[in-house]
Amino acid sequence: MTLPSITWQDVQQMPDDGNRYEAIEGDLYMTPAPTFRHQRVSLRLLFTLNRILEQPGHGVVVQAPFGVEFPTTGEGVQPDLLFVSEERRGIISNAGLTGAPDLVVEILSPPTANRDRGLKLRLYERQGVREYWIVDPDENVVDVWRFGKESVHERFTTTLPVRLGTEQVGEVDLEAIFAPRSSAGCGAHQPVDRGQGPSGDGKRELSMG
């Protein structure tokens, strides 16, 4: 039996229930509300990337929820953070982003970790994302994938370089990002299967009702 193919346009017709939904490879995926730890790490990264990338005029940093549509395949996602360079700013509209961001950041949580490390890694590579950060707030590490003719993978635990192409324009103090106290990083340092199954990937059946 052929399963129905869910597109990003289908997702846009769904009622807002407080969760984030994504359409990948014809399937619907749900991301539940984030934890406090996830949001603190996300906020610190947002402040840091804004200082390094947006304030100097390199481009635009956007925080979830904000849709990214890949129209050639009908797929769409809502990354935790993304960056679009100034010369590619035209792919951003008030409704969302159409095309591949220069940088995508996903912050792991138990329900989505397998998806972020597998399905979305493959999605971002084939859709032309230049760099993908997988942030692990439990292990306090960031895995960085740079996609191109040959994909490069690196892991960072103390400082994380921020690049525009091959040029490094700054670095992220990961000790500040992962610090347990809520004051760190935003001040002084500012530098499942179908249904929520055991796999935890958050795949869901589409319901338009």
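Helices (H or I, at least four residues) and strands (E, at least two residues) are taken as DSSP runs and numbered from the N terminus. By this definition the protein has five helices and 14 strands. The model is predicted, so local features need pLDDT of at least 70 and side-chain atom pairs count only at pLDDT 80 or more, whereas totals for chains, interfaces and linings use all residues. Residues are numbered from 1 along each chain as its sequence is written, and side-chain values use heavy atoms, with hydrogens and water left out.

Accessible areas were computed by the Shrake-Rupley method with a 1.4 Å probe, and for residues only the protein chains shown count as cover. The protein exposes about 10300 Å², of which carbon and sulfur atoms supply 49%. A residue is called buried under 20% relative accessible area, exposed over 50%, and partly exposed in between (1.4 Å probe, protein chains only). Of the 209 residues, 50% count as buried.

Strand β6 comprises residues 81-85, and five of its five residues are buried. Both faces of the strand are covered: L81, F83 and S85 lie on one side, L82 and V84 on the other, and all are buried. Two strands are said to pair if DSSP finds at least two bridges between them. Strand β3 (residues 59-63) runs antiparallel to β6 and is joined to it by five bridges. Within this pairing, V60 has V84 of β6 as its bridge partner. Strand β8 (residues 103-107) also pairs with β6 in the antiparallel sense, over three bridges. Here the bridge partner of L81 is V105 in β8.

Strand β8 also holds E106. This residue counts as buried because its relative accessibility is 2%. Contact means heavy atoms within 4.5 Å. Neighbours within four places in sequence aside, E106 is in contact with P79, D80, D116, K120, Y124, Y132, W133, I134 and V135. A polar contact is a pair of N or O atoms within 3.5 Å; within protein, one must be able to donate a hydrogen and the other to accept it, and residues adjacent in sequence count only if both atoms are side-chain atoms. The side chain of E106 makes such a contact with the side chain of K120, at 2.7 Å.

Rings of Phe, Tyr and Trp (its six-membered ring) pair if their centres lie within 6.5 Å; planes under 30 degrees apart count as stacked, over 60 as edge-to-face and the rest as tilted. The structure holds one aromatic pair. Y124 and Y132 form this pair, which is edge-to-face, with 4.8 Å centre to centre and 70° between the planes. Y124 is buried because its relative accessible area is 0%, and Y132 counts as buried at 0% relative accessibility.
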